[in-house]
Amino acid sequence: MDNVVDIVTALAQPIVETHHFELVDVEFVREGKSWYLRLYIDKPGGITIDECALVSDEVSEQLDGLDPDPIPQAYFLEVSSPGAERPLKKAADYERALNHYVHISLYQKIAGEKAYEGTMIALNDDELTLKVNLKGRIKDLVIPRTNIAKARLAIKF
């Protein structure tokens, strides 16, 4: 499946950049009996449904023209915004998330927990620092970047 993601990313990246959008993520997943090829795109101020349809049409046309077909099984192509809880994958994603509320899932526990939400207040190549509420006390939590399984923007309630 990684090969499909790599091929589609290479194909979609120039299309998305032509429109001055950002290709946030590409995933190819099986859900139930169906396969889904999902592209997440964004731009400052947010992406519209019409812009998603435009990219979908152009990517679909390019995929249909590939020989051999990199995706031999039937699948659904979906192009959408990454949403308010956008994943943090690239270095630029983390930099944009600085001083924003985020959710971090860890490979190994820190202070007894494998997930935290807080405001990212510092970031470097090796670690990030979250300002978190731990049992009613506000603390700075330093997290090694190698221990981050998943990261995303979060909505604070």
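This is a predicted model: local features need pLDDT of at least 70, side-chain atom pairs count only at pLDDT 80 or more; totals for chains, interfaces and linings use all residues.
Residues are numbered from 1 along each chain as its sequence is written, and side-chain values use heavy atoms, with hydrogens and water left out.

The secondary structure of the protein chain amounts to three helices and eight strands, where helices (H or I, at least four residues) and strands (E, at least two) are DSSP runs numbered from the N terminus. The C-alpha trace spans about 55 × 30 × 30 Å along its principal axes. Of the 157 residues, 35% count as buried; buried means under 20% relative accessible area, exposed over 50%, and partly exposed in between, with a 1.4 Å probe and protein chains only. The accessible surface comes to about 9,600 Å², and carbon and sulfur atoms account for 51% of this surface; such areas come from the Shrake-Rupley method with a 1.4 Å probe, and for residues only the protein chains shown count as cover. Among contacts (heavy atoms within 4.5 Å) between residues at least 6 apart in sequence, 50% join residues at least 24 apart.

The charges come next. The protein chain carries 18 positive and 26 negative charges, whose mean positions are 13 Å apart; Lys and Arg count as positive and Asp and Glu as negative, whereas His and the chain ends are not counted. The place of each charge is taken as NZ of Lys, CZ of Arg, CG of Asp or CD of Glu. Side chains of opposite charge can pair when their charged atoms come close. With a salt bridge defined as a side-chain nitrogen of Lys or Arg within 4 Å of a carboxyl oxygen of Asp or Glu, the count comes to 13 salt bridges.

One of these salt bridges is formed by Arg96 and Glu22, whose closest N and O atoms are 3.1 Å apart. This pair links distant parts of the chain, with Arg96 in helix 3 (residues 91-97) and Glu22 in strand 1 (residues 22-31), 74 residues apart. Arg96 is partly exposed at a relative accessible area of 43%, and Glu22 is partly exposed at 21%. Another salt bridge joins Lys89 to Asp25, with the closest N and O atoms 3.0 Å apart. Here, too, distant parts of the chain are linked, since Lys89 lies in the loop between strand 3 and helix 3 and Asp25 lies in strand 1, 64 residues apart. Lys89 counts as exposed because its relative accessibility is 51%, whereas Asp25, with a relative accessible area of 15%, is buried.

A further salt bridge pairs Arg152 with Glu85, the closest N and O atoms being 3.2 Å apart. Arg152 lies in strand 8 (residues 148-153) and Glu85 in the loop between strand 3 and helix 3, so this pair ties together parts that are 67 residues apart in sequence. Arg152 is partly exposed, with a relative accessible area of 24%, and Glu85 is partly exposed, with 35%. Salt bridges that share partners also join Glu22, Asp42, Arg86, Lys90, Asp93 and Arg96 into one network.

On the surface, Asp57, Glu61, Asp64, Asp67 and Asp69 gather in a patch of negative charge; patches are made of residues with over 30% relative accessible area and no salt bridge, like charges being joined within 9 Å and nonpolar side chains (Val, Leu, Ile, Met, Phe, Trp, Tyr) within 5 Å. Within this group, Asp67 is placed in the loop between helix 2 (49-64) and strand 3 (76-80), and Asp67 counts as exposed because its relative accessibility is 76%. The peptide bond from Asp67 to Pro68 is cis, with omega near 10°. Pro68 lies in the loop between helix 2 and strand 3 and is exposed, with a relative accessible area of 67%.

Two other loop residues have a positive phi without being glycine. Ala111, with phi near 50°, is placed in the loop between strand 4 (101-110) and strand 5 (113-123) and is exposed at 65% relative accessible area. Lys135, with a phi of about 55°, is placed in the loop between strand 6 (127-134) and strand 7 (137-144) and is exposed at 86%.
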